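Let's take a quick tour of the pockets in this protein. Keep the 3D view open and follow along as we go.

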Amino acid sequence: MFELVTRLVIWLLLGYFICYVLLQLVPQINVKWLIPILLLVLIIMGIAFPDDRSISSIWNVISFPLKPIGLCIVFLLIGSTQLKEKTIPKKVKNVVFSVLMILLFASVPWISDRLEYAIIRSNLDHSEICPNNPDYTARPNQSKLIVLLANAVTQPGGPYRPEEQIFEMSDRLLQTAQEYQRNSGDILLEDRVIIASRKKPTSETERIPSDFELIRDQLITLGIPRLGIFDLNQIPEANTFNVNRTSAAITEYIDSRNLSNYQIIIIASPIDVGRVKLTLEKALNAREGRQNRTITVIPSAWNLSNKLCQQRKEYPDLVDLIPRDYSVLRSSQVVDEFFTSSYYFLRGWLTPCWNCWDRVRYSTNGET
């Protein structure tokens with residue numbers, strides 16, 4: 001009985017809160033009785049048909065004000081509609097409206113997905129990765145080397161907290177294990193997987209495990225032998241602080257092993273793997289005496305082919321237009337990567353892929 005009463009009270013409070021928010025945004029004359037009736041109908045349908053996709057989408061819209069990002073947007077909307085007094089400066093009104101527009105733009109999943117696709121597409125050649133591109137040519141079977149870049153390397157500047165970083169790298173670890181299983185027959189070196197991780201600062205105690213040790217232990221549990229994992233920081237005078245210095249260290253490793261006709265599979269996140277590829281290619285081409293060597297850089301990231309190769313929907317679904325908190329994070333990551341890539345270009349650390357946008361084609365609908 002207590003549970004039944006508790007459920008009833010929660011449903012009533014939920015309905016009252018939703019009605020209050022909607023009545024603040026819509027003129028009460030037109031919706032005084034309509035909104036409560038619609039809410040009641042939707043509640044009954046949601047209980048009777050919990051698996052129906054249409055009802056689920058409508059519920060996502062209704063529950064939007066109950067989420068942190070939705071609540072912020074609702075309060076900004078209410079505040080912007082009430083900024084009509086002459087005593088309020090115009091600059092304040094513009095600031096509130098600008099904050100609302102930025103938050104809406106960054107939190108819509110359809111927009112953040114398009115932004116992510118744009119940053120990936122601008123740095124990676126569609127015809128080299130996507131089999132559904134008519135210009136796609138499969139790469140020849142060559143000896144391979146797998147290089148995993150930790151997220152503290154691709155996005156440097158944060159504090160040294162390897163325990164926290166390892167949880168953010170689960171996708172990279174799984175992708176490394178997958179690439180190792182797929183290409184184990186073509187990996188001829190003892191160093192089958194190279195880890196580019198952040199060096200432990202001298203101020204840290206010995207009891208704290210290093211970034212490399214945590215990554216290595218995780219890869220061992222995923223089936224990669226301990227003896228096949230190499231720490232790039234063992235290269236003399238190697239510096240893996242960022243992607244540019246890591247690329248120089250990888251080049252040193254290749255020269256020390258005298259590698260030629262090799263494929264380097266670099267693993268990072270889908271957003272920054274393009275910058276890693278372009279930077280490493282720039283470092284490899286800058287070395288003298290490489291005219292007779294062929295080192296191909298292959299980008300690899302978890303879910304990269306789905307993000308880059310699938311045709312984009314021309315029109316979004318209703319669910320894709322409901323603001324989400326994870327979309328704000330994704331939009332922020334895209335903006336960070338844009339500025340970082342621009343910085344790398346201005347420093348001369350990478351050569352942009354000028355024709356990446358022109359080579360996006362699909363075998364079904366042709367050029368897009």
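Helix H16 gives the largest share of the lining of the largest pocket, with 5 residues. Keep in mind that this is a predicted model.

**The largest pocket**
- There's about 740 Å³ of space in here.
- A set of 24 residues makes up the lining, and Gln155, Glu168, Arg172, Ser269 and Gln333 are the ones that lie nearest the centre.
- Sort the lining by class and you get 11 charged, 7 nonpolar and 6 polar residues.

**The second largest pocket**
- Its volume comes to about 570 Å³.
- Look for 22 lining residues here, with Glu179, Arg182, Ile298, Pro299 and Ser300 lying nearest the centre of this pocket.
- Two or more lining residues come from each of these elements: helix H8 (126-129), H11, strand S4 (262-267), strand S5 (295-300) and helix H15 (304-309).
- H11 provides the largest share of this lining, 5 residues.
- By class, the count is 10 nonpolar, 7 polar and 5 charged residues.

How values were computed: Residues numbered from 1 in each chain as written. Predicted model: local features only at pLDDT ≥ 70, side-chain atom pairs only at ≥ 80, totals over all residues. Heavy atoms only, no water. 1 Å grid on protein atoms, 1.4 Å probe; cavity = no way out; pocket = protein on both sides within 12 Å on 5 of 7 lines; lining within 4 Å. Points joined across faces, edges and corners; volume = space filled by probe spheres on them. Helix = DSSP H or I, 4+ residues; strand = E, 2+ residues; numbered from the N terminus. Nonpolar A, V, L, I, M, F, W, Y, C, P; charged D, E, K, R; others polar.
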